[in-house]
Amino acid sequence: MKNNFLKTVALFLVIIAFSACEEKKEIINYPQTDLAINTIIPKPLKVIPTNSGFGLDSSTVIYTNQTVKGFENVGKYLAEKIKHQINLDVPVNTSREESATRMIFINQTDSLPLTSPEAYELYIKNDSIILNAKNAAGAFRGIQTLRQLIPEKSNDTLSSKPMWVIPSGKILDEPNFSYRGAMLDVARHFFTVDEVKKYIDLLAYYKFNKFHMHLTDDQGWRIEIKSWPKLTEIGGASEVGGGEGGFYTQEDFKALVAYAADRHIEIIPEVDLPGHTNAASLSYPFLHDANGRAKTPRVRTDMLVGYSSFDVRKDTVYSFLDDVIGEIAAISPSKYFHIGGDETFATTKKDYLYFVERVEAIVEKHGKNVIGWNEISQANISPNSVHQLWKEVHHSLEAVKNGSKIILSPGKKMYLDMKYDNDTKLGLTWAGLIPVDSAYQWNPETYIEELDKDDILGIEAPLWSETISNLEELEYLAFPRVIGYSELGWSVQKNRNWEDYTKRLVGHQSFLEKEKVNYYPSAKIPWN
Ligand code: NAG
């Protein structure tokens, strides 16, 4: 209470101090720019234009609330991106300099007329920009909107210094879904820390908040487990096509978690079990189910699925998993741990159900909730476990009956590894072709008729990597479809429309080019 009062007084004094200098400001007649004609993706909830502009120039200063956790970092991130975008230095949190006439305030407030913790409110006026958010995550989403409003070119006729004119008005915004994810398969092909960071950075620009890492599969084990070193020594040494593979040390993984967290993105680790485990069984043969249908482990560089299984009746398998899950859980702040659970054709159904229930208990013992591919909902699991739909909708109905929430990743709509069209050189086709318009034109809220919106946590776009082995190829399959998914996750249905979306997407071409994103130049988008 007292704290809030002091904060209000401090803010008031700052405002008075700045208004006192009002007379020094140049009077600028901004050209009529219209905030209503913006290219913001994902589309904000509400945009109310006014008839002026804010001139971003070398006298602009960002003022952030230093006392609230994370706000100063949001200000610094904005300054860094402005520098990168238009090569303009904007100081953060400095005591006011004489030359500073324009302010960008990033404030914490508890009184937004919106409910999401990621909500924000952006006022663009001709002498200041005020971004209000309940917490740093909301402020971070808000600065992405602001970045998208900064024009590429300055107007050099308005004042003595170059000015980048941002149209004025008010934006009220919050996400439709709390879970907006992308997944990367780093097992079929390994992607370096820097490659993953670039993808995370791009996802942050589009307000994603989850990044799921598929860390293990038949062809590779990609995360260091100190108590079981052969997992990466042997299991990490190859990949699809016979390349040398690779793995993340625990330090690498922590660095990625921190990098994502700075962008208010949570990393969710996945260890795919009990199938998709050839690399683990190759490293430690006792894990392999030698008496069942599973194929004897060997280095696998092909793209087949469904032939491996752990021996789920052995207690040593569970002590191994206790170590693995324990080590990863200790360096992973997410409340979720993804246990895979898909395509266990080499495990009997009885064994599979028994296994999922035992592994769920291990995950919970390490303080996490399970996420699993849709098959896990056949087991008797806790309602806290989250179900990720990729294929069988009837499993999703079982999951909801059990009280679980759903993440939607339907293969035929959201698999970024599906080809755009028959000529696409990369990608697969088992779930169909996914051109840019069909990726965008569907409604997650009604995808499964029987479900209520409340049953759905959100959406996630998986990118399996059997056919991609570097960042250019990753970008080619992900962009621009993943930009459309950002809008499916963030924007309310009534604000979404393909015609309007394509017009806005065209406005992102220069961003993609500046960031050297190797996007697919879909003929359906009127690119310049
Ligand atoms: C599925 C597999 C996955 C594979 C992908 C390719 C899931 C949950 N499982 O067969 O291992 O990489 O499709 O599209 O998707």
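Tutor: UniProt positions follow the numbering used here, feature names are shortened, and annotations may be inferred rather than shown by experiment. This is a predicted model, in which local features need pLDDT of at least 70 and side-chain atom pairs count only at pLDDT 80 or more, while totals for chains, interfaces and linings use all residues. Residues are numbered from 1 along each chain as its sequence is written, and side-chain values use heavy atoms, with hydrogens and water left out.

Student: Which residues does the UniProt annotation "domain: Glycoside hydrolase family 20 catalytic" cover?
Tutor: Residues 177–346 are 31% helix and 17% strand, with end C-alpha atoms 36 Å apart (DSSP runs numbered from the N terminus: helices are H or I, at least four residues; strands are E, at least two). Residues 353–491 are 35% helix and 14% strand, and here the end C-alpha atoms are 37 Å apart. The annotation, from an unreviewed entry, covers both spans: 177–346 and 353–491.

Student: How many residues of domain 2 are in contact with domain 1?
Tutor: The chain is divided into domain 1 (21–173) and domain 2 (179–497), with bounds from an automatic or database domain assignment. Their centres, taken over C-alpha atoms, are separated by 37 Å. Contact means heavy atoms within 4.5 Å. On that basis 19 residues of domain 1 meet residues of domain 2 numbering 18.

Student: Is Glu343 buried or exposed?
Tutor: The "active site" annotation of the unreviewed UniProt entry covers Glu343, which sits in the loop between strand 12 (336–340) and helix 9 (349–365). Beyond its neighbours within four places in sequence, Glu343 touches His276, Val305, Gly306, Glu375 and Trp390. The classes are buried under 20% relative accessible area, exposed over 50%, and partly exposed in between (1.4 Å probe, protein chains only). At 13% relative accessibility, Glu343 is therefore buried.

Student: Which residues touch the most other members of the largest nonpolar core?
Tutor: A nonpolar core is a set of buried Ala, Val, Leu, Ile, Met, Phe, Trp, Tyr and Cys residues joined through side-chain atoms within 4.5 Å. The members with the most such neighbours, out of 145 residues, are Phe211, Phe479 and Tyr485.

Student: Which helix gives the largest share of this core?
Tutor: Domain 1 (21–173) and domain 2 (179–497) each supply at least three residues to the core. The largest share, eight residues, comes from residues 193–205, that is, helix 4.

Student: Within what arc do the buried residues of helix 13 fall?
Tutor: In helix 13 (residues 471–478), the buried positions are Leu471, Leu474, Glu475, Leu477 and Ala478. They pack against strand 7 (179–185), helix 4, strand 16 (456–463) and helix 14 (481–490). The arc is that of the directions from the helix axis to the C-beta atoms. The buried residues line one face of helix 13 because, seen down its axis, they fall within 165 degrees.

Student: How far apart are the closest N and O atoms of Arg300 and Asp302?
Tutor: A salt bridge needs a side-chain nitrogen of Lys or Arg within 4 Å of a carboxyl oxygen of Asp or Glu, and the structure holds 23 of them. Arg300 is buried, with a relative accessible area of 4%. Its salt bridge with Asp302 has its closest N and O atoms apart by 2.8 Å.

Student: Which residues do salt bridges that share partners join into one network?
Tutor: Arg188 and Asp185, both buried, form a salt bridge at 3.0 Å. The network joined through shared partners consists of Lys43, Glu487, Asp500 and Arg504.
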